[in-house]
Amino acid sequence: MSNANGAPAAGDDIGRKRALLRLWLTLTVNIGSVTFFFYQFIWAKTFAADNCRFTGCALGPVLSALTSLVFAAGVALLIAILLQNRGRYRQVFRFSRARVIGAAVLAALAPVVIYSGLPWILLPGLIFGAAVIFSTGSVFEAIPMLIVVPLIATAVAYPISCLLVSGLRKRLGRFAGFTLIWWSAYCLVLMLYGLRDAKL
């Protein structure tokens, strides 16, 4: 009796995973194509060609195609989960410890700027910035940086965490999803600000 009851549930779960995979792949291709053409024909023209240290330089065609695809994969995953959970958004975005922890991790590790391909992530950047401010004696100016900015970053990351936790049931899948979102954010920052050179 338990086998009979468990079979449809397992079949539904497999069907849900396949549907999510198909939707994710379709969205990735479409969003990636639009992002690549927008970057190549519009956004890349806003960068200076000879100042990669301060304003960044545009990515080449091959690198911009790769970053567009990775960026699109992360965005497509979130959209696919959102579409698959229509009608149950109250459960998806409900408050839970796992969602808050995931949001805090995403916020702390978010890439803010990229020099020579290496990301500067939010948490160490905040600590470094606060240390510099403390060294000048401006203690009260460091408090908003250490409190307000992490709270805002966590609030922004919370919906992303909710979608990953509710849409990906297994821990390995969630870890892969969080990793993909991180690389997607990395590629977004790289495309927005260009590739900067950290050499003097």
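Trainee: Is Tyr 186 buried or exposed?
Mentor: Tyr 186 is buried, at a relative accessible area of 11% (buried is under 20%, exposed over 50% and partly exposed in between, with a 1.4 Å probe and protein chains only). This is a predicted model, in which local features need pLDDT of at least 70 and side-chain atom pairs pLDDT 80 or more, while totals for chains, interfaces and linings use all residues. Numbering starts from 1 along each chain as its sequence is written, and side-chain values use heavy atoms, without hydrogens or water.

Trainee: How many aromatic pairs does the whole structure have?
Mentor: The search finds nine (ring centres of Phe, Tyr or Trp, its six-membered ring, within 6.5 Å; planes under 30 degrees apart are stacked, over 60 edge-to-face, the rest tilted).

Trainee: What do Trp 182 and Trp 183 form?
Mentor: Trp 182 and Trp 183 make an edge-to-face pair, with 5.0 Å between centres and 85 degrees between planes. Trp 183 counts as partly exposed because its relative accessibility is 42%.

Trainee: And what do Trp 182 and Tyr 186 form?
Mentor: A stacked pair, 5.7 Å centre to centre with 25 degrees between the planes. Both residues belong to helix α7, where they sit four residues apart, about one turn (helices are DSSP runs of H or I, at least four residues, and strands of E, at least two, numbered from the N terminus).

Trainee: Which residues do ring pairs link into a cluster?
Mentor: Phe 36, Phe 37 and Phe 41.

Trainee: Changing topic, how much space lies in the largest pocket?
Mentor: About 530 Å³. A pocket is an open set of points on a 1 Å grid over the protein atoms alone where a 1.4 Å probe fits, with protein on both sides within 12 Å along at least five of seven lines; lining residues have an atom within 4 Å of a point.

Trainee: Which residues lie nearest its centre?
Mentor: Of the 23 lining residues of the largest pocket, those are Ala 110, Pro 111, Val 156, Ile 160 and Ala 185. Helix α7 gives the most to this lining, eight residues. Elements supplying at least two residues include α2 (61-84), α4 (97-108) and β1 (111-115).

Trainee: What about the second largest pocket?
Mentor: The second largest pocket holds about 340 Å³. Its lining has 15 residues, with Leu 20, Leu 77, Gly 167, Leu 168 and Gly 173 closest to the centre. Both α1 (2-41) and α7 supply at least two residues of that lining.

Methods:
Points joined across faces, edges and corners; volume = space filled by probe spheres on them.
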